[in-house]
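Here is a short report for a first look. Keep the structure in view while reading.

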Amino acid sequence: NTLADYACSCYDRGHQAPAADAKYSPTVMSESFFMSNMAPQVGVGFNRGAWKYLEETVRSWILCGGHTRLYVITGPIYGDSAKTLGASKVAVPSAFYKIVYDPDSTRALAFVLPNAKIGSRIADLQAYVKPIDYVETETGLNFFANWPNRQQFQLKSRKNTLYFAVE
C-alpha cells in the first residue's frame, strides 16, 4: 500500500480515522495520513461526498448534539470484491461501515455505505443503517465481544434509528 498504488485511479486514500477528528494534536493529525489508516475509496461522490457527510454528521453529534462520549468504529467490507489497485494489489473494498456507540444510553447504530458514487450528501442516512450483526457477518469481526451475551444480542440485532440527531 503505497502512494503510487493510487496514482491515475479514481480512488482516494480514504481515512478510516478522519483527519478532521485529530485537530486537537498536530502529531496525531500528521499520523492520520499514514497508509495504515487508508483504504481505497471512490473519490468524487463518496470519499469527498457521502462518506465525508457521514463523518461530519457523527462529529456534529458530539460537538453540537450533546453526546459528550461516542465511540466510533470504522472499516472496510471486502465482500466478494476481487478488485485491486496498483502494483501492490491493494484490495478495493466493496463497502465501508461505521458503528457509533453511545455509552451513556448504551445504544448503537451501524452504517454501511457501498464504495460507490453516492453523491455529495446523503438525503436519508437511515437508509444506510444496518444491524451490527450484519457488519459482523460481512467482516468476520466480533464487536463488543467481552460483553454478556444478552447485552450483545440487544445491541447488535436491532436496526436502530437515528436517535443521535439534533432536533
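Which strands does helix H4 (residues 132–139) lie across, and at about what angle does it run to E7? H4 lies across E3, E6, E7 and E8, and runs at about 50° to E7. Axes are lines fitted to C-alpha atoms, for helices over the stretch in contact; angles run from 0 to 180 degrees between N-to-C directions.

## Basis

This is a predicted model: local features need pLDDT of at least 70, side-chain atom pairs count only at pLDDT 80 or more, and totals for chains, interfaces and linings use all residues. Residues are numbered from 1 along each chain as its sequence is written, and side-chain values use heavy atoms, with hydrogens and water left out.

Helices (H or I, at least four residues) and strands (E, at least two) are DSSP runs, numbered from the N terminus.

## The sheet

Four strands make an open, antiparallel sheet in the order E3-E6-E7-E8. Two strands pair if DSSP finds at least two bridges between them. E3 (71–77) and E8 (129–130) are the edge strands, each pairing on one side only.

E3 pairs with E6 (residues 95–102) in the antiparallel sense, over seven bridges. Thr74 has Lys98 in E6 as its bridge partner. Helix H3 (residues 43–63) lies across E3, E6 and E7 (107–114), at about 5° to E6.

## Two cores

A nonpolar core is a set of buried Ala, Val, Leu, Ile, Met, Phe, Trp, Tyr and Cys residues joined through side-chain atoms within 4.5 Å. Buried means under 20% relative accessible area, exposed over 50%, and partly exposed in between (1.4 Å probe, protein chains only). The largest core has 26 residues; Tyr6, Leu54, Val100, Phe111, Leu113 and Ile122 touch the most other members. H3 gives the largest share, seven residues.

Leaving aside neighbours within four places in sequence, Leu54 is in contact (heavy atoms within 4.5 Å) with Lys98, Phe111, Leu113 and Leu125. Another core, of 13 residues, lies apart; Ala108, Ile132, Val135 and Leu155 are among them.

The buried residues of H4 are Ile132, Val135 and Glu136. They cover an arc of only 100° around the axis, which puts them on the same side of H4. The arc is that of the directions from the helix axis to the C-beta atoms. These residues pack against E6, E7, E8 and H5. Just after H4, Gly140 takes a positive phi of about 80°.

In H5 (residues 149–156), Gln152, Leu155 and Lys156 are buried. They fall within an arc of 85°, so they line one face of H5. Arg150 and Phe153 are exposed, on the face turned away from the buried side. The cover over the buried residues of H5 includes E6, E7 and H4.
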